[in-house]
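Keep the structure open while you read.

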Amino acid sequence: MIIGNRTFAFGRHTHVMGILNVTPDSFSDGGKYDRLDAALFHAEEMIRDGADIVDVGGESTRPGYERVSEEEEIGRVVPVISAIKERFDIPVSLDTCKARVAREGIGAGADLINDIWALQADEAMGEVIASSHAACCLMHNRKDPLPGLTMDRLTREMGEDVKRALDAGIAIDRIILDPGVGFAKTQEENLMAIANLRQCKELGLPLLLGTSRKSCIGYVLDLPTDQRLEGTLATTAWAVLQNIAFVRVHDVKENVRFIRMMEALRDRDGAWKRQTRTDAGREMGTA
């Protein structure tokens, strides 16, 4: 998949999307990067630490969040996207569900639209993405959560998200899927979605896992937001073992290092198993 000026190959490496919230009220880092100089400093820090994509968000989506106007969201994200693209050679994602914000963000240089409503919040979003040839990430979400979510229903609804994008003219090779951990799900359903990523992969598209510092980790570990790094790394480890394409995280350096080590061990374990099978086959052939 081409995102910006970079080609991403999926299957053997988990890429890191670094979170840059330019909001005053995000659940974990609200107010830390809502000034342009602070946002650029953090973007540079994440790039230095190994981020593959920087994801810029101008509206909090924490539980109970308040919507902001298109004008305010554009005013938050467009200067940051423009400045990042001017200074750094890295793909930029824009986290928005508003078509006008997406259009302005793409005009400023955004290479990917990360839509938490999978084109459902704004009927013009599909056309904006399709006409720009930007990539998109479609997250599973529901306005009216239903009890008893199953993996079959989750994957069926994710398949409906894909059909919606294709009907809008978005090319299949421009679509990433996100199972939507933390959105329209109970804590047990969040854990189910993480544990069964392999079933989501049956849709045949690259997946993004976004669990960083989320409440499902706090639910298991009984820890506040600022103490959920280890829990996040555990979900990153699981993503690596499932060959998930992207993880979206706050703590880029720690996740990049963790992925590098996990992949080194996974690949060497696989090489050892292949060699063992080859040796066994040779012994059987000469017996």
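In this predicted model, A99, A102, R103 and I106 of helix α3 meet M125, E127, V128 and S132 of helix α4. The residues of this contact divide into five nonpolar, one polar and two charged. The points below cover the geometry of that pair, then the sheet and the helices on it.

**The α3–α4 pair**
- Helix α3 spans residues 99-108, and helix α4 spans residues 125-132.
- Their axes lie 8 Å apart, and the packing angle is about 20 degrees.
- Angles under 35 degrees count as roughly parallel, so α3 is roughly parallel to α4.
- The crossing of α3 past α4 is right-handed.

**The sheet**
- Eight strands build an open sheet with parallel pairing.
- The strand order is β8-β7-β6-β5-β4-β3-β10-β9.
- β8 (175-178) and β9 (208-209) are the edge strands, and each pairs on one side only.
- Within the sheet, β3 (residues 15-21) pairs with β4 (residues 53-57) in the parallel sense.
- Five bridges join β3 and β4.
- I19 stands opposite D55 in β4.

**Helices on the sheet**
- Helix α1 (residues 36-48) packs on the sheet and touches β3 and β4.
- The direction of α1 makes about 170 degrees with that of β3.
- Helix α5 (residues 151-167) lies across β7 (135-139) and β8.
- α5 runs at about 155 degrees to β8.

Conventions
Residues numbered from 1 in each chain as written. Predicted model: local features only at pLDDT ≥ 70, side-chain atom pairs only at ≥ 80, totals over all residues. Heavy atoms only, no water. Pairing = 2+ DSSP bridges. Helix = DSSP H or I, 4+ residues; strand = E, 2+ residues; numbered from the N terminus. Contact = heavy atoms within 4.5 Å. Axes fitted to C-alpha atoms, helices over the stretch in contact; angles between N-to-C directions. Parallel < 35°, antiparallel > 145°, perpendicular 65-115°, else oblique. Left-handed = near helix turned anticlockwise from the far one by under 90°. Nonpolar A, V, L, I, M, F, W, Y, C, P; charged D, E, K, R; others polar.
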